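Here are my notes on the model you sent. I have kept them to a few numbered points.

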Amino acid sequence: MGNTLQDDALPNNNTLLGADELVLNMGPQHPSTHGVLRVKLKLDGERVRGTECVIGYLHRGVEKIAENRTYQQFAPYVDRMDYVAAVSNGLGYCEAVEKLLNVEAPPRARVIRTILTELQRIASHLVWLGTHALDIGALTPLFYCMREREEILKIFEKYCGARLTTHAFRIGGLQYEAYDGFEKDVERFCLDFERRIQEYVDLLTGNSIWIGRTRNVGILNAADCIALGASGPILRAAGVKWDLRKAQPYAAYDQYKFEIPVGTNGDTYDRYMVRIEEMRQSRLICLQAIEKIPEGAIMGKVGKVIKPPAGEVYHSIEAPKGILGYYIVSDGGTQPYRVRIRPPSFINLQALDKMVRGHLVADVVAIIGTLDIVLGEVDR
Amino acid sequence: MMSPAHYLFLSLALFLIGCVGVVTRRNVIVVLMSIELILNAVNINLVLFSRIFGDAAGQVFALFIIADAAAEAAVGLGIIIAFFRNRETVLADEMDLLKW
Amino acid sequence: MLDSILFYFFGGIAVIGAALMVTSRNAIHSAVFLITTLLATAGIFLQLGAEFLFIAQIILYVGGIMVLFIFVIMLVRLDVALHHIRFRMKNLVVTIVIAVLGAEAGAIIYYARKLPGQGLFIQNVAPASNLTPNSEKLAQSLFTNYLLPFEIASVLLLVAMVGAVVMAKNKKRSEDS
Amino acid sequence: MNPTLHAILVFLQTWWVELTCGVVIVAVVPLVAGYVVLVERKLMADMQARLGPMRVGPHGLLQPIADAVKLLIKEDIIPDEADKFIFWLAPVISMVAALTSMGAIAFGPSFQVARDINIGILFVLGVSSLGFLGIILGGWASNSHYSILGALRSTAQLVSYETAGGLAIISGLLLSGTLSISGIVAAQEKHHVWFIFLAPVAAFIYLAASIAETNRAPFDLPEAESELVAGYMTEYSGFRWALYFLGEYANMIVVGSVATTLFLGGWLRPFPNVHWLNWLDFLPALIIALIGVYSIYRAGKQPVKIQTGFMWAVALACFAVAFVFAAPWLIQLLHKFGLAGSLSLDFVIPGLNGAFWFLLKVSAYIYVFMWLRFTLPRYRFDQLMHLGWYILIPLAIVNVFAVGVAMLLEANGLNRWLAMILTLIVVLASAIFLVRWHDRRTESASTASLAPDSYAG
C-alpha cells in the first residue's frame, strides 16, 4: 500500500556521506507499532525518505468467515476486529443487518446502545491517548488512562459479562436488560471523568516538549484526507466538520446535543485536541442519555432464524477511529452472501507514507500513534 | 621513579610502532591513528624531561601537542570524509589522483 | 618498588596495545587498542607526577579525539574495504624504517652507558615537590610564559574546527537545510 | 621477615583506607544501583496509581536480588554477525568507567579513594565520559540498525551536553577556586553558602546536562524504547545487559555526587556554620531509628510469616546503623557520668554524618531525575540538539562570564549577593533572549522546510 520504496526519486548523493540509504525494519515486533504492523523505513541519517507498510500479520479472514456463518453467528466475530472498540463494531453490524431486514430496534434498546457505544468511544480514545503518550515518551498518562478505562470495562462486564469482546448487542435490539444501577454507574463515571480529563490535559496539553513533538508533525490537510478517504478524528482535525453521528444519525444520536470538535492544522497536536474534546462530548452524550432511558421492550421483531430478503445494504457508523462501514449482500439465505467491511484503521493507515516523509524516526512513532490504528482491524 | 632511560625506551618503542603503522597501513584512518601514537610517544619524553628538570614547560608543550593532535585529527578526518564521499574509499594507495 | 610495578604495567600495556593497533585488520579494533595505549600512557604521566596531563590525556585524547575517530570509522563503513587491508611485512620501506630507528635506539643505549655521571640510567632528577601542586604550576606557566602560544593554539583549534566542518559538510545538504 | 611480604604489609598499612573504599565501591555500588532501580520502580508506581514490585520480599524489597540472579543465569546471546571482541568489551567499559570515576568522589570527609588528587573533579568528569565509548562501541558491535542509530544518537548527545555540563562546572570551579573535591566542599564551608545559591543557572544547566549524559528521560533518545527498541542495548541480554544497566545507574550516582559536591555543599549539613542548628547532627541517627520503628510497625501487617521476619531484620539493621551513628554521642553521655573511661569516638562524627548528608543529597538529586522521567515526554533528536547547542551552551558561556564578573565585583567591595543578583539578571535576560530567538527561528524553519518534503512523494 502507499508508495513503494522504489518510486522515491531523490538523488542518491543527497544522503549522509553519499552512502546508501539505511532501510530500517520497524516491526512487526516493535514496541510502538501498536501490534504487528511492519513499516520499512528508508532513512537518510534519521530522516525518513520513504515508507512501505507491510500488513497482514493478523489476517484472519473475517470477511470470508462471514460467508459460512449465519447472521447471528457472525456477530461475535466483528468484535475481534477493532478489539479496543468492540461495542462500536457490534453496533455497526447489528444496524446493518437490521437495515437489511428492514426492522428497527426499539427506542430503549437504541438509547442503551448509544450509551454503551459512547462509553466505548471514551475507552478507545483512552487507550489511544495512553499509548500515544507512551510513544512520545510520557510514561504516566498510560496508567491514568487505563485506570479510567477499567471503570468503563467494569460497566461492560456488569452489563453483559464480558470486558473486551463484549458482543453486547443483538440483531434487532439487545439481549440483556440494563442491570440495576446501570444509570448510576454511568453517571458516576461521567461525573468523575471531567476531572480525569483535566489530569491528562495538565500533563500534556501545555507541556512544551509535547507541543514540540506534536505540533507541525504529520500534517494531513483536508484535501489529502478526503483524497485518501481518511475519516474520524484525522479528518476532523484537518478542519472538516464531518461526523456520521450528525450527518446521518443512527442509534439515538439525533436526540442529543453535542458538538463536533474540529482542528485547523491537521497536525498531530490538533488530532490530540480533537480526541480529547471528543471524550468530553461523549461524556456529555452519556449524561444526557441516562437522564431518561425510555421504558419498553429491548428486542425488535426479529425471528429466531434470520433470513433477510435478497438484496444488499451499506451501513456506516462513526466508530472511534473513523467511519466503519458494513456492506452486506444477501441471497435470501440464512448466511450472508458477501460481507465487506470498511475498517477505518486500514484506510487511515494509507496516509502514513504521506505524513511521515521528511520527518524523523521519532516522528514516525508519533504519527503511527496519532493515526490510532488497531491491527486487528487493519488486517481483519 | 624509574631511570629516565626506561621512559625513553618506552617512548622510542611507541614511536617506532607508530612509524611502522604509518608506513605499512593502507587505511588512512589507521595511518592517522599511528600519527597520534607518534605524537603521544613524544609527549612521554616531554613529560619525562619536565619531571627531571622540575619545570612545567615540558608539560605545557605536551598540552600544546595534544591540542595540535586534536586539530590534526579533526582536519584529517574531515578530509577523509570528504574523500570517502567522492571516491568511496579510505585506502591510501587508491588516493592516486591530484584532482577529481 | 611500586613505581617500577606501575611503570612496567603501564608501559607493557602501552607497547602491546600499540603493536596490536598497528597489526589488527579491523579499524575499530585498531581504535580500541589505540585507546588502550593512550590510557596506559596517561598512567605513565600520572606516575611521572603530571596529574593534569593525565586527565587532559583522558578527556581530550580518549574522550575527544578517539571518539571522533570511532565516529568516522562507523560512518565510512570500513567493512567494505576490510578485505583489502593487510599487513605487508615484505615492504622494503618497513625494513628500512625499523632498521634506521632501531639503530638509533642502539646508539642511544650505547652512548647512554658511556656517559659518566649524568647518564640516562642515573636517577638525577629534581625533587618532585618542584612540580606539586601540578595543575597550578602548569597553569601559571601556561598563562604567563606561554600565553601567546596558548592563544595561537586556540586559534589553530578554531581554524581546524571550521575547516573540518567545511570539509565534512555535504554541500547539497547545506543548501536544503 | 620475608622482604616481599614486608613490602606488601607496608603497602597495605599505607593504603588501607583507600583499598577498603575501593573494595566497598566495587562491591556495594552494584547493589546500591539495584536498589536505586527498585526505588525508581516504586516511585513510578506511586505516581502512576499502582503498587510496583510486591512479590519478592515484603514490598518487593528483594526484587533487585531476584533480578540480578535472573540476569546472571540467563542465556548469554552474542549475535552471529556481531564483532565478538568489541561486543564483549563494550559493557565492561561502561561499567568500569562508572565505577572508576567514583574513586575520586568524596562520600564524606574521610570516605574517598583518591584523596589527595588535586584534579578530583576533572578525574570524575574525564573517566565517566569514557563510559560512552562503551555505548558507541556496543552499538557498533551489535551490527543492528537500531543499535547503530542509538550509538550515533548517544555520541552526538553526549558530546553536545558534556560541553554544556563542563561549562556549568567551570562556573562552580570559578567560585571554589580549586579542582580538588575536598577543596570544593571546603570552599563552600568557607563561603558559608552552597554554590547553588551563588550560581543557580549553572546548577540548572548541570542538571539538564547530567540528565542527558546519563541518558535519562526526557533526554533518553539513545535508548528510547518506543523508537529504537532499546537503542544501543537492543542486542544485549543477560549479564552483559545488566552491566550496561548497572553502569547507567552508577553513572547517575556519579553525576549526582558531582552536583552535590559542586552545588549542594557536599557532605556539609545544612547551615554548617550556624551553631544553634547543631542539633541537626543528631538527625541522621534519629531518621534511621524512625525508619526502624516504621519497619516494626509494618512487620505486623505482613501477610506471610517470613516477610514479618524480614521486616524485623530490616528494623534491627536500621537500629544497628542508628546506634553506630549515635555511638559517639552516647559515649559523650557516658563520660558525663564518668563511665566510659578514656574511650572517645568523636573523630568519627564528621565522617558518619558527612556520609549521611552526602548520600541524602545525592538521593534527592536522583529523585529529581526520576520525577522528571515520569512526568515529561521525550524530546526529539533535533530538538535535543537545538536545546543543547542553541540554548544551553551559549547560556553556559554567558554564565561563566557572569560568575567571573560577579566575583570581580565582589573583590572590588560590592556585596556578594548584590553582585550575584545583578549578574543573574543579565544571565536570565540572555536566557529569555536565546529561547525567544530560537523559537522564532524554528517556527520559520518548520513552516518553510516541511512543505516540500512531505509532498515530495
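1. How many residues of chain B are in contact with chain C, and how many of chain C with chain B? In this predicted model, 61 residues of chain B touch 74 residues of chain C. On the chain B side, helix 1 (4-24), helix 2 (28-53) and helix 3 (57-87) each supply at least two residues. Helix 3 of chain B gives the most, with 21 residues. By class, this side of chain B has 45 nonpolar, twelve polar and four charged residues.

2. Chain A has an open sheet of three strands in the order 6-7-8, with antiparallel pairing. Strand 6 (311-319) and strand 8 (338-342) of chain A are the edge strands, each pairing on one side only. From one strand to the next, the twist averages 10°.

3. Strand 6 of chain A is joined to strand 7 (residues 322-330) of chain A by nine bridges, and the two run antiparallel. One residue pair to look at is A:Glu312, whose bridge partner in strand 7 of chain A is A:Val329.

4. In chain D, D:Val324 is found in helix 12 (residues 305-336). Is D:Val324 buried, exposed or partly exposed? D:Val324 counts as partly exposed because it has 15 C-beta neighbours inside 10 Å, and the cut-off for buried is 20 or more. D:Val324 and D:Asp83 are 241 residues apart in sequence, and their C-alpha atoms are 50 Å apart in space.

Conventions
Residues are numbered from 1 along each chain as its sequence is written. Chains are lettered from A and ligands numbered from 1 in the order in which they are written. This is a predicted model: local features need pLDDT of at least 70, side-chain atom pairs count only at pLDDT 80 or more; totals for chains, interfaces and linings use all residues. Two strands pair if DSSP finds at least two bridges between them. Helices (H or I, at least four residues) and strands (E, at least two) are DSSP runs, numbered from the N terminus. Axes are lines fitted to C-alpha atoms, for helices over the stretch in contact, and angles run from 0 to 180 degrees between N-to-C directions. A residue is buried if 20 or more other C-beta atoms lie within 10 Å of its own, exposed if 12 or fewer, and partly exposed in between; C-beta atoms are placed from the backbone. Two residues are in contact if their C-beta atoms, placed from the backbone, lie within 7 Å. Ala, Val, Leu, Ile, Met, Phe, Trp, Tyr, Cys and Pro count as nonpolar, Asp, Glu, Lys and Arg as charged, and the others, Gly among them, as polar.
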